[in-house]
Amino acid sequence: MAEEYRQHKFSYPKGAVDLTLIRHGESEPARPGESFPMVDGHGDPALHADGLVQAEAVGQRLGHERFDALYVTTLRRTHQTMAPLAKRLDMTPAVEPDLREVCLGDWDGGLYRIKAAQRDPLFVRSLEEHEWGHIPGAETTAQVFARVEAALARVLAAHADERIAICVHGGIIAAVMALATGARPFTFLGAENGSIHRFVLGPEGLRVRTFNEVSHL
């Protein structure tokens with residue numbers, strides 16, 4: 001019988017983390033003249049009613065899968081989004097502070113959304129130049145990437161050969177995608193609320209398995 005060479009089937013390298021990122025559900029709307037509650041300089045809105053529905057959909061989508069650990073950030077929208085999945089799996093999420101959303105400085109607390117809708121010149125410049133630091137008082141893009149890389153290094157050290165899920169934020173998903181692909185920093189901004197993203201996190205870096213899974217929504 002002639003030799004046969006089947007197509008390659010992917011397997012996770014030894015020492016790698018099977019990493020699932022979840023973007024939190026839609027949060028409460030911003031309103032002129034009002035600020036979200038603040039936590040360590042970050043706006044901390046709760047989930048909108050639609051966001052709670054998205055959180056339940058995430059729990060249903062991933063509830064049959066096995067995870068060795070779950071993580072959230074310091075901001076309550078990630079806790080609320082992860083809650084249905086954690087309940088289904090009977091797990092308690094840990095907190096990874098360095099995967100919190102980009103600090104938007106003077107525009108945090110909801111003003112960023114208003115400035116974005118108004119196409120404020122600094123907002124436009126920030127997008128064009130892929131630089132958060134053009135927003136007054138905000139983190140720079142380099143600072144965001146540095147803390148994301150530090151957080152991922154801790155995850156890798158703690159969870160080699162394991163499978164974990166982390167509920168994070170849109171700006172952080174964009175940063176992880178850019179680190180994994182070499183794309184410009186803002187290329188992957190705009191992931192859907194409640195979306196799912198899968199990565200290989202290994203000693204040699206990041207690889208993307210899926211981006212913006214939304215069939216459950």
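In the classification used here, Ala, Val, Leu, Ile, Met, Phe, Trp, Tyr, Cys and Pro count as nonpolar, Asp, Glu, Lys and Arg as charged, and the others, Gly among them, as polar. The exercises below concern a predicted model.

**Exercise 1.** Classify the residues that line the largest cavity as nonpolar, polar or charged, and state which helix gives the most to this lining.

*Solution.* 
- Step 1. The lining consists of Trp132, Val144, Phe145, Gly171, Ala174, Ala175, Pro185, Phe186 and Leu189.
- Step 2. Gly counts as polar, and Gly171 is one of the lining residues.
- Step 3. The division is therefore eight nonpolar, one polar and no charged.
- Step 4. Helices α5 and α6 each supply at least two lining residues; α6 gives the most, with three.
- Step 5. The volume of this cavity is about 30 Å³, and the structure holds one cavity of 30 Å³ or more.

**Exercise 2.** Determine which residues of the cavity lining are also touched by Trp132, leaving aside residues up to four places away in sequence.

*Solution.* 
- Step 1. With contact taken as heavy atoms within 4.5 Å, Trp132 touches Val102, Leu104, Tyr112, Ser126, Ala138, Glu139, Thr140, Thr141, Val144, Phe186 and Leu189.
- Step 2. Comparison with the cavity lining gives Val144, Phe186 and Leu189.

**Exercise 3.** Describe the largest nonpolar core and identify the elements that supply at least two residues each.

*Solution.* 
- Step 1. This core has 37 residues; Leu19, Trp132, Val148, Ile164, Ile166, Val176 and Leu201 have the most contacts inside it.
- Step 2. The contributing strands are β1 (17-23), β4 (69-72), β6 (163-168) and β7 (196-202), and the helices are α3 (111-117), α5 (141-159) and α6 (170-181).
- Step 3. In soluble globular proteins, nonpolar side chains tend to be buried together.

**Exercise 4.** Characterise the largest pocket by volume, lining and residue class.

*Solution.* 
- Step 1. The pocket contains about 600 Å³ of space.
- Step 2. Its lining comprises 28 residues, of which Arg23, Arg77, Glu101, Tyr112 and Arg113 are the closest to the centre.
- Step 3. By class, eleven are nonpolar, eleven polar and six charged.
- Step 4. Strand β3 (42-43) and helices α3 and α6 each supply at least two lining residues.

**Exercise 5.** Which residue caps the N-terminal end of helix α4, and which residue just after α4 takes a positive phi?

*Solution.* 
- Step 1. Helix α4 covers residues 121-129, and Asp120 caps its N-terminal end.
- Step 2. A side-chain oxygen of Asp120 lies 2.8 Å from the backbone nitrogen of Leu122.
- Step 3. Just after the helix, His130 has a phi of about 55°.

Technical notes: Residues are numbered from 1 along each chain as its sequence is written. This is a predicted model: local features need pLDDT of at least 70, side-chain atom pairs count only at pLDDT 80 or more; totals for chains, interfaces and linings use all residues. Side-chain values use heavy atoms; hydrogens and water are left out. A nonpolar core is a set of buried Ala, Val, Leu, Ile, Met, Phe, Trp, Tyr and Cys residues joined through side-chain atoms within 4.5 Å. Buried means under 20% relative accessible area, exposed over 50%, partly exposed in between (1.4 Å probe, protein chains only). Helices (H or I, at least four residues) and strands (E, at least two) are DSSP runs, numbered from the N terminus. A polar contact is a pair of N or O atoms within 3.5 Å; within protein, one must be able to donate a hydrogen and the other to accept it, and residues adjacent in sequence count only if both atoms are side-chain atoms. On a 1 Å grid over the protein atoms alone, a cavity is a set of points where a 1.4 Å probe fits but cannot get out, and a pocket is an open set with protein on both sides within 12 Å along at least five of seven lines; lining residues have an atom within 4 Å of a point. Grid points are joined across faces, edges and corners, and a volume is the space filled by probe spheres set on the points.
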